[in-house]
Amino acid sequence: MRTVVITGGAKRIGAELARRFGADGWHVVIHYGQSRDAAEALAASLPSAETVSCDLRDGDASVAMVENLAARLSDWRVLVNSAAVFDPDDVRQLDPQVAHDTMQVNALTPVRMAQAFLRHAQASGGRRVIQFTDQKLANINPDFFSYTMSKGAVAAAVRMLAMGAGTAQDRIYALAPGAILASHDQTDDEIEVSHRLNLLKRKTGADEIADACLWLAEGWLASGETVYVDSGQHLLHQPRDVIYLARAGVDP
């Protein structure tokens with residue numbers, strides 16, 4: 001059965017991805033770190049699913065997880081690296097611990113997992129790696145400094161992996177969302193404003209991210225490409241993260 005593995009698949013956008021792939025007939029492997037109850041409840045609600053746990057701060061353990069899955073999954077077609085750390089730190093002086101954990105979870109571990117997947121996974125018709133990045137790489141601002149650096153590293157890795165990893169049938173993509181779900185301590189009013197700070201002045205749904213991810217999983221876009229799902233947010237110039245723009249009273 002065609003299989004997708006989704007990191008951070010128990011909650012938020014990862015859970016939306018799991019539901020979308022499950023509804024389309026995929027066997028879904030839901031990775032989680034600490035959200036065991038949510039992961040198992042979600043897996044139980046899908047036609048064909050299982051859970052797997054690993055701390056993505058441990059790169060060696062994460063690679064071992066991929067190798068173990070590859071050894072028993074007969075048609076593992078897609079790896080979606082959607083798990084991420086999104087903690088604030090300052091462009092004037094980054095927080096060393098935030099920077100270390102963010103670079104490990106958001107960049108180093110997913111890239112190593114992608115490499116292991118392309119070395120070991122068996123699939124009919126080619127394999128897909130979908131790495132989540134962020135629209136803010138095209139619409140840069142100084143907030144969430146370490147997070148943005150980590151996503152920049154992932155974006156560069158996608159292009160390099162597409163050039164030198166896997167086979168001619170494999171594809172490596174970046175999927176770059178805009179503001180989709182509530183972040184940190186946002187109020188409902190702040191969410192309503194911040195999620196409309198884009199070119200179309202509309203809220204982009206998590207379902208749109210899931211649809212785009214499924215399209216990448218099944219299509220033949222050129223390897224190394226980035227797909228933005230952000231209602232045009234990346235085409236704007238925003239000097240700060242939309243969390244802070246909304247708090248400052250900026251109107252959509």
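Y244 is partly exposed in this predicted model, with a relative accessible area of 23%. Here, buried means under 20% relative accessible area and exposed over 50%, with partly exposed in between (1.4 Å probe, protein chains only). Because the model is predicted, local features need pLDDT of at least 70 and side-chain atom pairs count only at pLDDT 80 or more, while totals for chains, interfaces and linings use all residues. Residues are numbered from 1 along each chain as its sequence is written, and side-chain values use heavy atoms, without hydrogens or water.

Y244 belongs to an aromatic cluster that also holds F86, F144 and Y147. The count of aromatic pairs comes to 5 (ring centres of Phe, Tyr or Trp, its six-membered ring, within 6.5 Å; planes under 30 degrees apart are stacked, over 60 edge-to-face, the rest tilted). One of them joins F86 and F144. This pair is stacked, at 4.1 Å centre to centre and 10° between the planes. F86 lies in the loop between β4 (76–81) and α4, and F144 in the loop between β5 (128–132) and α5 (145–164), so the contact ties together parts that are 58 residues apart in sequence. Helices (H or I, at least four residues) and strands (E, at least two) are DSSP runs, numbered from the N terminus.

F86 is partly exposed, at 23% relative accessible area. F144 counts as buried, with a relative accessibility of 1%. F144 also pairs with Y244. Their rings are stacked, 6.1 Å centre to centre, with 20° between the planes. Y244 lies in helix α8 (residues 242–247) and F144 in the loop between β5 and α5, so this pair ties together parts that are 100 residues apart in sequence.

R12 lies in helix α1 (residues 12–23). With 51% relative accessibility, R12 counts as exposed.

The strands come next. In β4, 5 of the 6 residues are buried, so this strand is largely enclosed by the rest of the structure. Strand β1 (residues 3–7) runs parallel to β4, joined by 5 bridges (strands pair if DSSP finds at least two bridges between them). Within this pairing, I6 stands opposite V80 in β4. β4 and β5 also run parallel, joined by 4 bridges. Here N81 stands opposite Q131 in β5.

Helix α4 (residues 96–120) has 25 residues. From its first C-alpha to its last, α4 reaches 34 Å, close to the 36 Å expected at 1.5 Å a residue (1.5 Å times one less than the number of residues). α4 bends by about 40° at Q104 (angle between axes fitted to the seven residues ending there and the seven starting there). D95 caps the N-terminal end of α4. A side-chain oxygen of D95 lies 2.9 Å from the backbone nitrogen of Q97.

Key
A polar contact is a pair of N or O atoms within 3.5 Å; within protein, one must be able to donate a hydrogen and the other to accept it, and residues adjacent in sequence count only if both atoms are side-chain atoms.
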